[in-house]
Amino acid sequence: MNTTEQFVILKNMESCSIDKIPIISYSDFYQHIIFLMKDPQFHCVNYFAMPNEEGLFFYCCMADDSTNTIQILSHVLSTDKKKQLLSLTKEVMAFHVYERELAENFGIEFIYNPWDKPLRYATNRFDKTKTIENYPFYKIESDELHEVGVGPIHAGVIEPGHFRFLCNGENVLHLEIQLGYQHRGVEALFLTKSTFHQQNILAESIAGDTTIGHGLAFVSAIEALGNIQSEPRLQLERAIALELERIAIHVGDLSALCVDVAYQFGSAVFGALRTPVINYLQRWCGNRFGKNLIRIGGTHYPLTDELIQSLKLFLDDFEPRFTLMAKRMFDLPSVQVRFENIGGLTPEQTHAIGAVGMAARMNGHGRDIRKSHPFAAFQQEAIDTFSDIKSGDVWARAMVRKKEIEASIIYIRKLILTLSSTNDSSAKPLPEKEIKLTPNSFTISLTEGWRGEICHCALSNTEGKLSLYKVKDPSLHNWMALALSLRDLEISDFPVNNKSYNLSYCGHDL
Amino acid sequence: MIIEEIKIQKQHGKQFIKDLATQPVPGPFKGRPEISFEKVDDSKVVDLCPTNAITANPLRIDLGKCVFCGECSLAFPNKIRFTTDYRLATNDRNKLIIQEGETGPIHLNEAKIRKEIQSLFGRSLKLRQISAAGANADEAELNACGNVNFDMGRYGIEFLASPRHCDGIVITGPISVNMAEAVQICYDAVPDPKIIILVGTDAISGGIFEGSPALDRSFLDKYPIDLFIPGNPPHPLTFVNGVLDLIRKRK
């Protein structure tokens, strides 16, 4: 930890006393953020506020990829002040989701914000007269245009959300995505649940398809606040689990993409290839999504020699089958014609909206927490990342998945070798009574889930209990990428674009 | 290249599971729990449970509330043991409450199955799935029910897009305030006779989200539920077997 006059510098999964974070004036805060955002090595990983009697305390976390550090900035809006702040979104578009959330939850007016429309209609929102039924859709008055509304319930077995297409004939002029249907009050529940075990299960349910990504972000945050060391072996096992989750979902996504371009063969084969991955997770911890595997300070399900052997066998069987099927799919002209130049974004667009994960890597932005702010085993053993996919279209998003699966397989094999050189076994999870959070502390925990960067921020109060738990799923940024991808496409291209991003509704709505 | 495709087909082989009722599941899978008569401090077991699924005197586990984290059986292995029996579905909410000494499989209450269900839906059941704040694990497993492995389509069970073409709804998730109206509209759009299936602990009881002010579960108070399918998320085998037990006479 390092304090300058303006901010505190933390490493990923490090904590500091809340009192150490200097509170600066909003104009200094504003200037500093604008200054940092001119450097592409910086991006905002979280920006939120916490109310108390004195006022609203804002915390902004700016990740510096070049030095593997995160600057924590803070400003305060005291209760006697007018709830008005100059909008950052006007200068840096990536801030729109944060300011919309702050406006919705606390009734802050961001001056010059282009449009602070509601984000998710949270239960604790400031203005309860705004309801999900009267969402202010963007409209263009014209006799020649028509609107197509889809959802909240969609055709398939997927989560709910509303998509409103403004169309000129077959072409989409504008797609607006309205979410909030999945809001379960997750962040508030973190504070009302009395045990860490309950919170752990809650974290695994933030997005059921990212059980390990969010679970790992949660336990790392608690371990940072509680000064709990986790053994190198445990770190290796956690990284293996995270990469298995990535492989499982990516293969499933490739199957889903095949469905949308009417390639039934590819869909069936990729679908069948997903099964052994999640069945391996079940063999390991009893659950196909890896629930109950990630626990604070240890695990109930250590990776035994027998499990390592079956992991090797699984990879040896999976890899050639996957490689052949992927080659076949990417070589197929009928697939290429539906993937290439469909739903492309420029690198400038992805940068502007603050895209993370696959949605950044489809455009040559190498942004990847595993590399820039390494955690778990990624500190000891680096994973290969790439920035040579640049087209930003459906093809790029499919190709990112293929390359990430290949990289994950290589990486897991490396970790297996490292594992066999450690002869200890992972510890049991720390008993509830032995977990004591440092009072009055702040921590930030970043992981790279299969969708991209996950950020959990936790604050403890003077009694050592959680006083704020803030979750950010990568989808928060990336939904805008889907909306932009649809511009000037035919509406029939929506499904394949949607699948190519496969964003989380519940991760966004919380 | 066609050669490649033949090679892939050969590797792919036959993927479908022949008998969904007897297929073993690997690993420390947590299915139906069994509670022994061993004397333990009940209150300690109760305190371990994150979702108040365990109640004392005598010790019982409510599978409608259980998130299958296994903390109880890890701490008291001789008292509570999770078997790999994945056939957990029933139409009787009380049958989800496992008592001390109970070892038999969970059945449906035949008397509670409406007459028309088996005659109308026995060979063809089309369902509208509604994710009402479901976290996408339950949904992923429901999608898996139709994949090449579990292939529930062979029994005429299928998820469709339009509620007008369906015979019932399948709800996942604890039902958020923001989804409550959509659930009602969708249910109303399904023609009679129709069934309601709740999939996953979140749908049956709210699970870990129980008590959140962001939920509105009043829809469930209005109608009888035809099938409860517990799990976090339920295994595809739990879903397919449960539905088959509801719509067909099975051994």
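A salt bridge is a side-chain nitrogen of Lys or Arg within 4 Å of a carboxyl oxygen of Asp or Glu. In this predicted model, 3 such salt bridges are counted between chain B and chain A.

**The interface of chain B and chain A**

One salt bridge joins the side chains of R288(A) and E141(B), with a distance of 2.7 Å from N to O. Across the interface of chain B and chain A, 25 residue pairs are found in polar contact, both residues of each pair having pLDDT 80 or more. On the side of chain B that touches chain A, at least two residues come from each of helix 1 (2–12), helix 3, strand 6 (125–131), helix 5 (137–145) and helix 6 (177–189) of chain B. By class, the residues on this side of chain B comprise 35 nonpolar, 17 polar and 10 charged.

In terms of contact, 62 residues of chain B meet 59 residues of chain A. The two chains bury about 4900 Å² between them, and carbon and sulfur atoms give 57% of this area. I8(B), N178(B) and I208(B) contribute 13% of the area that chain B buries against chain A, more than any other three residues.

**Pocket and cavities**

Rolling a probe the size of a water molecule over the atoms shows where empty space is left. In the whole structure, the search finds 9 cavities of 30 Å³ or more. The table sets out the volumes of three spaces.

| Space | Volume |
|---|---|
| Second largest pocket | about 870 Å³ |
| Largest cavity | about 170 Å³ |
| Second largest cavity | about 80 Å³ |

The second largest pocket is lined by 32 residues, and H197(A), E432(A), D47(B), L48(B) and E71(B) are the closest to its centre. Helix 4 (196–204) of chain A, helix 2 (42–48) of chain B and helix 3 (71–75) of chain B each provide at least two residues of the lining of this second largest pocket. The lining of the second largest pocket is made up of 14 nonpolar, 9 polar and 9 charged residues.

The largest cavity has a lining of 19 residues, with N287(A), F29(B), K30(B), N232(B) and P233(B) nearest its centre. By class, 8 nonpolar, 8 polar and 3 charged residues line the largest cavity. For the second largest cavity, the lining consists of 13 residues, and those closest to the centre are C49(B), I54(B), C66(B), C69(B) and C72(B). The lining of the second largest cavity divides into 10 nonpolar, 2 polar and 1 charged residues.

**Salt bridges over all chains**

Over all chains, the whole structure has 41 salt bridges. One of them joins the side chains of E176(A) and K117(A), at 2.5 Å from N to O. E176(A) belongs to strand 11 (residues 171–178) of chain A, whereas K117(A) lies in the loop between strand 8 (109–111) and strand 9 (145–150) of chain A, so the pair ties together parts that are 59 residues apart in sequence.

**Features of the backbone**

In chain A, a cis peptide bond links G151(A) to P152(A), with omega about 15°. P152(A) is placed in the loop between strand 9 and strand 10 (162–168) of chain A. In chain B, the peptide bond from N57(B) to P58(B) is also cis, and omega is near -10°. The loop that holds P58(B) runs between strand 2 (54–55) and strand 3 (60–62) of chain B.

A further feature concerns N292(A), a residue other than glycine with a positive phi, near 75°. N292(A) is found in the loop between helix 7 (264–285) and helix 8 (305–331) of chain A.

Key:
Residues numbered from 1 in each chain as written. Chains lettered and ligands numbered in written order. Predicted model: local features only at pLDDT ≥ 70, side-chain atom pairs only at ≥ 80, totals over all residues. Heavy atoms only, no water. 1 Å grid on protein atoms, 1.4 Å probe; cavity = no way out; pocket = protein on both sides within 12 Å on 5 of 7 lines; lining within 4 Å. Points joined across faces, edges and corners; volume = space filled by probe spheres on them. Helix = DSSP H or I, 4+ residues; strand = E, 2+ residues; numbered from the N terminus. Nonpolar A, V, L, I, M, F, W, Y, C, P; charged D, E, K, R; others polar. Contact = heavy atoms within 4.5 Å. Buried area = accessible area lost by both parts, 1.4 Å probe. Polar contact = N/O pair within 3.5 Å; in protein donor to acceptor, adjacent residues only side chain to side chain.
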